[in-house]
Amino acid sequence: MSTHILLASGSEIRAQLLRQAGVAFRVEVARVDEGAIKDALLAEGAAPRDIADTLAEAKARKVSGKHPGEMVLGCDQVLDFEGTLLSKPETKDQALQQLKAMRGKRHMLLSAAVIYRDGEPLWRHVGQVRLVMRMASDAYLESYVDRNWESIRHAVGAYKLEEEGVRLFTIIDGSYFNVLGLPMLELINYLGLQGIIEQ
């Protein structure tokens, strides 16, 4: 049995989390049309949790099909704001509008991970984090977006808690790993039980 996993994600944060935890892995980015999958699921009325899980599974399945016998980890994260799915902002203005809409309110981050081997799902988990954003002023939000645009353009909700984005919140209820996009504790437990990592 292979003692490393294939990470079907180009996320540097996810790679860093695995590296820091001492998990051996290689990266092969899954080429899937996330927008088409998301749009189809939204049209069907799928719940945000199911959308995150389906996107993670699509990535794991795609890479698994090309690597027989290998354990492949697919991941995805979505933001559920009052029943609406927020995506990565495409413009500074869109980022600002997302932040203004969420201030003073609660939203949820859903971080899904799915493991495949030989085209079959072996394990899955969707971690949840509930967050409440403070009532930041328009002036602060505008300067925040200007200062951090190159980073937050790659983040759902237009913020990164590991950076200045932490200043936007009054409550963060859930695992910090899920905020970063990977249900790490549950993944480590599974890999240990499977003998992929020492425990």
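Predicted model: local features only at pLDDT ≥ 70, side-chain atom pairs only at ≥ 80, totals over all residues.
Residues are numbered from 1 along each chain as its sequence is written, and side-chain values use heavy atoms, with hydrogens and water left out.

**The helix pair**

Helix α2 covers residues 34-43 and helix α3 residues 48-64; their axes come within 10 Å and cross at roughly 145°. Those axes are lines fitted to C-alpha atoms over the stretch in contact, with angles running from 0 to 180 degrees between N-to-C directions. On the α2 side, Glu34, Ile37, Lys38, Leu41 and Leu42 make the contact, and α3 brings Ile51, Thr54, Leu55, Ala58 and Lys59; contact means heavy atoms within 4.5 Å. Sorted by class, that gives six nonpolar, one polar and three charged residues. Here Ala, Val, Leu, Ile, Met, Phe, Trp, Tyr, Cys and Pro count as nonpolar, Asp, Glu, Lys and Arg as charged, and the others, Gly among them, as polar.

Now for β3, residues 72-81: ten of its ten residues are buried, meaning under 20% relative accessible area with a 1.4 Å probe, protein chains only. Val72, Gly74, Asp76, Val78 and Asp80 point one way, while Leu73, Cys75, Gln77, Leu79 and Phe81 point the other. Its pairings, each needing at least two DSSP bridges, look like this:

| Partner of β3 | Sense | Bridges |
|---|---|---|
| β1 (residues 5-7) | parallel | two |
| β5 (residues 106-117) | antiparallel | nine |
| β4 (residues 84-86) | antiparallel | three |

Leu7 sits opposite Leu73, Cys75 has Ala113 of β5 as its bridge partner, and Leu79 faces Leu86 in β4. β3 and β4 form a hairpin with two residues between them, and Glu82 in the turn has a positive phi of about 55°.

**The whole chain**

The protein chain has seven helices and seven strands, which are DSSP runs numbered from the N terminus (H or I, at least four residues, for helices; E, at least two, for strands). With a radius of gyration of 17 Å, close to the 16 Å that the globule rule gives for 199 residues, the chain is as compact as a globular protein of that length. That radius is taken over C-alpha atoms, and the rule is 2.2 Å times the number of residues to the power 0.38.

How values were computed:
Buried < 20%, exposed > 50% of the residue type's maximum accessible area, 1.4 Å probe, protein only.
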